[in-house]
Amino acid sequence: MADRLDSILREWGRRRPDLDTSGLEVVARVLRAAHYLQGALDDIAASYGLSHQGDLDVLTEIYRTSPERDLTPTQLAGALLLTAGGMTVRLHRLQDAGLIVRTPNPRDGRGVFVRLTPAGTEIAEHALATLLDAQATSIRSLDETERTQLAGLLRKVLEGLGDVPAFRPPISVARNET
């Protein structure tokens with residue numbers, strides 16, 4: 001079995017046999033797979049009227065963590081590996097679409113909490129099943145053992161890159177019901 005990268009690696013081997021392409025062999029495949037997966041996820045987001053999968057990520061992240069705790073834009077940005085500016089743009093789009101609301105943080109006059117509206121909750125609930133189904137379909141060429149091995153290996157790579165769990169206080173923050 002061969003993919004497009006195999007021919008690229010052979011060409012590099014002929015052109016520069018002195019170079020170690022083992023990193024390219026893995027990283028390029030991860031990036032190429034991400035490209036294909038991202039396209040499928042963007043199509044799912046579009047089916048819900050969202051501009052791209054990142055907006056759907058925000059909705060499902062809020063849905064996943066709420067109602068246990070309120071989320072700030074900074075917490076959302078950290079969870080989704082976004083800059084503050086990137087998160088602000090997404091939150092504006094989602095608020096304009098009526099899918100989220102931002103409410104003042106009673107303990108920090110400058111801060112806000114982000115919550116789903118009923119319409120945002122409905123999309124997040126329905127889209128979650130669609131996303132999970134699409135992700136399962138995307139790895140159907142792997143058997144259960146291979147999926148487990150790949151997940152473990154990717155986890156190890158991500159840990160090595162610094163992607164470790166964020167600190168979450170054991171006590172949930174009280175909600176300011178408005």
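Is serine 22 buried, partly exposed or exposed? Serine 22 is partly exposed, with a relative accessible area of 40%, where buried means under 20% relative accessible area, exposed means over 50%, and partly exposed lies in between (1.4 Å probe, protein chains only). The place of this serine is in helix H2, which covers residues 22-47. Helices (H or I, at least four residues) and strands (E, at least two) are DSSP runs, numbered from the N terminus. Serine 22 and arginine 107 are 85 residues apart in sequence, and their C-alpha atoms are 51 Å apart in space.

The model is a predicted one, in which local features need pLDDT of at least 70 and side-chain atom pairs count only at pLDDT 80 or more, while totals for chains, interfaces and linings use all residues. Residues are numbered from 1 along each chain as its sequence is written, and side-chain values use heavy atoms, with hydrogens and water left out.

The overall architecture comes next. Seven helices and two strands make up the secondary structure of the protein, and along the sequence they follow the pattern α-α-α-α-α-β-β-α-α. The protein is more spread out than a compact globule, because its radius of gyration is 20 Å, well over the 16 Å that the globule rule gives for 178 residues. Here the radius of gyration is taken over C-alpha atoms, and the globule rule is 2.2 Å times the number of residues to the power 0.38. Taken along the principal axes, the box filled by the C-alpha atoms is roughly 65 × 30 × 30 Å.

Of the 178 residues, 26% count as buried. The accessible surface of the protein comes to about 12100 Å², and 59% of this belongs to carbon and sulfur atoms. Accessible areas come from the Shrake-Rupley method with a 1.4 Å probe; for residues, only the protein chains shown count as cover. The protein has 21 positive and 24 negative side chains, and the centres of the two sets lie 5 Å apart. Lys and Arg count as positive and Asp and Glu as negative, whereas His and the chain ends are not counted. The place of a charge is taken as NZ of Lys, CZ of Arg, CG of Asp or CD of Glu. Among contacts (heavy atoms within 4.5 Å) between residues at least 6 apart in sequence, 50% join residues at least 24 apart.

Leaving aside neighbours within four places in sequence, glutamine 53 is in contact with Gln38, Leu41, Asp42 and Ala45. Its C-alpha atom is separated by 27 Å from that of glutamate 146, which is 93 residues apart from it along the chain.

Not counting residues up to four places away in sequence, aspartate 55 touches Leu50, Arg90, Arg93 and Leu94. Further along H3 stands threonine 60, which counts as buried at 15% relative accessibility. With neighbours within four places in sequence left aside, threonine 60 is in contact with Ala124 and Leu131.

The loop between helix H4 (73-79) and helix H5 (84-96) contains leucine 81. Although leucine 81 is not a glycine, it has a positive phi of about 60°. This leucine counts as exposed, because its relative accessibility is 70%.

The strands follow. Strand E1 (residues 100-105) and strand E2 (residues 108-116) pair in the antiparallel sense over six bridges; two strands pair if DSSP finds at least two bridges between them. A hairpin joins E1 to E2 through two residues. Threonine 103 stands opposite phenylalanine 113 in E2, and proline 104 has valine 112 in E2 as its bridge partner.

Helix H6, residues 118-138, contains proline 118. Proline 118 is exposed, with a relative accessible area of 71%. From C-alpha to C-alpha, proline 118 and valine 30 are 36 Å apart in space, and they are 88 residues apart in sequence.
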